[in-house]
Amino acid sequence: MRYSQLLLPTTKETPAEAEVVSHQLLLRGGFIRKLTSGVYTYLPLGFMAIQKVTEIVREEMNRAGAQEILMPMVQPGDLWQESGRWKKYGPELLRFQDRHSRDYCLGPTHEEVITDIARKELHSYRQLPVNLYQIQTKFRDEIRPRFGLMRGREFIMKDAYSFDADDAASELSYERMREAYYKIFERCGLDFRAVEADSGSIGGSFSHEFMVLAKTGEDTLVTCTACSYAANVEKAAIAPPEACCADIDTLPAMETVDTPGMKKVERVADFLGVSSCDVVKTMLYIADDQVVAALVRGDREVQSVKLKNILGVADVEPLPEEDVWKRVQLPVGYLGPVKMDLTIVADQEVMAMATCITGANVKGTHVKNVVPGRDFTPAHVGDIRQITEEDSCPVCRGTLQLTEGIEVGHIFKLGTGYSEAMEATYQDSEGNEKHFVMGCYGIGVSRVVAAAIEQNHDENGIIFPMPIAPFQVVILNLGLKDDAICEAAEKLYLELQAKGYDVLYDDRDERPGSKFKDADLIGIPLRVTIGKTYAKSGDVEIRHRQTGETVTMAYAETVAYLEKNIDQALV
RNA sequence: CGGGGCGUAGCGCAGCCUGGUUAGCGCGCCUGCCUUGGGAGCAGGAGGUCGUAGGUUCGAAUCCUACCGCCCCGACCA
């Protein structure tokens with residue numbers, strides 16, 4: 001592509017609306033332009049990057065035996081009524097009516113449509129397994145779109161759905177996708193981890209998230225520095241502590257102490273001359289409209305997703321401090337499990353404490369020598385606290401690290417939830433009607449591009465990994481008035497193009513400085529400069545965007561050098 | 001939805017508090033000269049319903065009201 005003919009509007013200044021680096025660089029580099037909140041146009045360069053990613057996704061999906069289809073973005077409300085999600089999905093689902101006042105929505109995901117296809121077209125176990133995927137634009141009316149392509153309302157997604165005869169077969173489909181996902185993100189040149197995740201509202205037994213490691217990630221994950229363990233903190237399992245060995249009969253009785261004005265754990269601990277980990281913190285949550293008390297050690301934090309899962313409720317949120325008295329007539333800051341009337345969920349660590357200090361449910365008063373199990377009995381005991389770097393790896397006992405991550409892929413085992421709701425069945429070898437066992441597998445294609453930039457950039461701009469770079473090499477012609485230079489640049493451009501490489505030829509009538517700056521900004525991995533060095537000695541310079549390494553070589557060697565370097569970088 | 005902020009040339013902003021010529025500046029754009037290895041210089045030029053509607057006033061970018069849009073924080077979320 002000749003730069004002079006390419007719509008590539010780069011800017012020197014950063015648009016005010018962009019907060020994160022990927023958004024800033026995508027705008028400055030002329031990759032995208034915003035149409036309205038959370039909705040973007042992909043300009044040529046942006047679309048090229050998208051296409052690089054989709055091509056990799058397509059190849060690996062096909063290799064894994066999936067078949068590409070394209071479903072409608074407009075979906076009838078009836079289908080969503082049937083699955084039960086018309087009510088459940090909430091305002092994120094953009095609904096509208098046609099001229100006949102019939103309900104429709106824009107597809108935020110396609111379980112309903114694909115299940116409808118399956119029940120109409122798949123009838124026999126002989127047809128299974130089937131895995132269908134599409135690469136398509138989704139719309140989710142996010143409460144707050146932000147960060148450019150990272151969390152748009154409209155975005156490009158690859159979603160795949162597997163249909164199997166039974167759990168064992170579904171497991172195999174899931175495994176195949178997991179392997180395909182590893183290949184896809186490896187081929188994209190990304191530093192990522194697959195983590196066990198909470199399966200969220202889509203439902204299903206378990207799921208893995210694929211997270212690109214980058215500081216601006218919206219999720220926190222925990223990784224082991226010694227082994228390959230990685231998990232979302234929402235799910236990261238904490239090994240049970242060693243049980244308390246004290247003989248309950250020898251422990252002292254409870255004792256009430258005055259702690260006026262001491263609402264915070266640290267103050268209570270200081271006042272009583274103990275440390276935070278001798279105190280038990282009682283936090284109130286609303287679990288599906290019912291108030292529950294969650295108990296963790298004073299130096300720990302409650303992980304509300306874990307709490308939600310252990311309670312088996314749909315939703316858990318903290319009870320706002322100002323509502324506490326209204327709802328349960330208890331004094332904030334002096335809460336405790338002893339003689340408490342609420343459902344109590346205790347962290348396993350709390351139960352391992354010999355004695356602890358808790359609030360007395362009376363203003364300005366705490367209780368000492370509280371023995372979990374003797375002085376109060378929780379309805380649930382389990383792992384409900386947030387994991388920390390002080391914890392050890394649940395697999396190998398190694399040291400853990402907390403990292404931010406961007407979720408670029410999520411694979412779910414769905415089971416028979418949708419096939420049952422929508423009566424999608426096949427006949428097995430004995431003639432029995434059976435529900436399909438399903439799986440679903442998503443990749444945020446546009447988000448992959450943003451995540452790649454979050455992970456790979458410097459103060460000068462983007463540093464694209466070769467496999468997803470819109471161009472693999474850029475040729476800078478710095479001697480537009482010099483026939484020899486123009487001829488050499490032109491010839492190199494045509495030759496590389498003929499060999500099938502993606503090459504940008506900067507033939508603009510611009511000063512060298514602008515060309516260098518633009519080349520850096522848009523992140524092309526290899527840059528060839530043909531200018532006065534060439535005029536003098538017939539040499540050109542090749543610079544690697546990532547390392548900054550520059551090599552000077554005879555013009556004649558250039559093609560071979562570039563070929564070698566590009567091919568090497570394409571796994 | 002709650003809290004905060006912003007809307008003035010393609011982009012980034014000043015002017016508004018304290019109303020009063022022709023609404024400015026930087027970048028970008030056009031023309032010419034000059035320059036050509038890290039976003040040059042000089043000269044000339046084009047480009048504005050000051051988000052929209054209403055109000056106050058002799059007079060509104062500026063004050064008031066409503067609405068619209070966008071951004072940030074929170075809640076929420078594959």
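A residue counts as buried if 20 or more other C-beta atoms lie within 10 Å of its own, as exposed if 12 or fewer do, and as partly exposed in between. Keep that cut-off in mind for this tour of a predicted model.

**The whole chain**

Chain A has 16 helices and 31 strands, and 42% of its 571 residues count as buried. Among contacts with a separation of 6 or more, 71% join residues 24 or more positions apart.

Next, colour by domain. Domain 1 takes in 3-237 + 402-454, domain 2 covers 248-382, and domain 3 covers 471-569. The C-alpha centres of domain 2 and domain 3 lie 66 Å apart.

**Ile463**

Select Ile463, in the loop between strand E26 (461-462) and strand E27 (473-477). Is Ile463 buried or exposed? Ile463 has 20 other C-beta atoms within 10 Å, so it is buried. Leaving aside neighbours within four places in sequence, show the residues it contacts: Asn456, His457, Asp458, Gly523, Arg545 and Gln546. For a distance to check in the viewer, pick Thr533: it is 70 residues from Ile463 in sequence and 26 Å away in space, C-alpha to C-alpha.

**Helix H14**

Select helix H14 itself, residues 512-522; its buried residues are Lys515, Asp518, Ala519, Asp520 and Ile522. Their cover includes helix H2 (44-63), E26, E27, strand E28 (503-506) and strand E29 (526-530).

**Helix H12 and its partners**

Now show H2 with H12. These helices pack at an angle of about 115°, their axes 9 Å apart, and the crossing of H2 over H12 is right-handed. On the H2 side, select Ala49, Ile50, Val53, Thr54 and Val57; they meet Val445, Ser446, Val448 and Val449 in H12. The residues of this contact divide into seven nonpolar, two polar and no charged.

In the contact of H1 with H12, five residues are nonpolar, one is polar and one is charged.

**Backbone details**

The last stops concern the backbone. Most residues other than glycine have a negative phi, and most peptide bonds are trans.

Go to Pro129, in the loop between helix H5 (111-121) and strand E7 (130-139). The peptide bond that leads from Leu128 to Pro129 is cis, with omega near -5°.

Then select Asn369, in strand E19 (residues 365-370). Its phi is near 55°, a positive value in a residue other than glycine. Asn369 has 16 C-beta neighbours inside 10 Å and so counts as partly exposed.

Finish at Glu423, in the loop between helix H11 (417-421) and strand E22 (425-427). Glu423 is a residue other than glycine with a positive phi, near 50°. Why does Glu423 count as exposed? Because 11 other C-beta atoms lie within 10 Å of Glu423, and exposed residues are those with 12 or fewer.

Note on methods
Residues numbered from 1 in each chain as written. Chains lettered and ligands numbered in written order. Predicted model: local features only at pLDDT ≥ 70, side-chain atom pairs only at ≥ 80, totals over all residues. Domains from an automatic or database assignment. Helix = DSSP H or I, 4+ residues; strand = E, 2+ residues; numbered from the N terminus. Contact = placed C-beta atoms within 7 Å. Nonpolar A, V, L, I, M, F, W, Y, C, P; charged D, E, K, R; others polar. Axes fitted to C-alpha atoms, helices over the stretch in contact; angles between N-to-C directions. Left-handed = near helix turned anticlockwise from the far one by under 90°.
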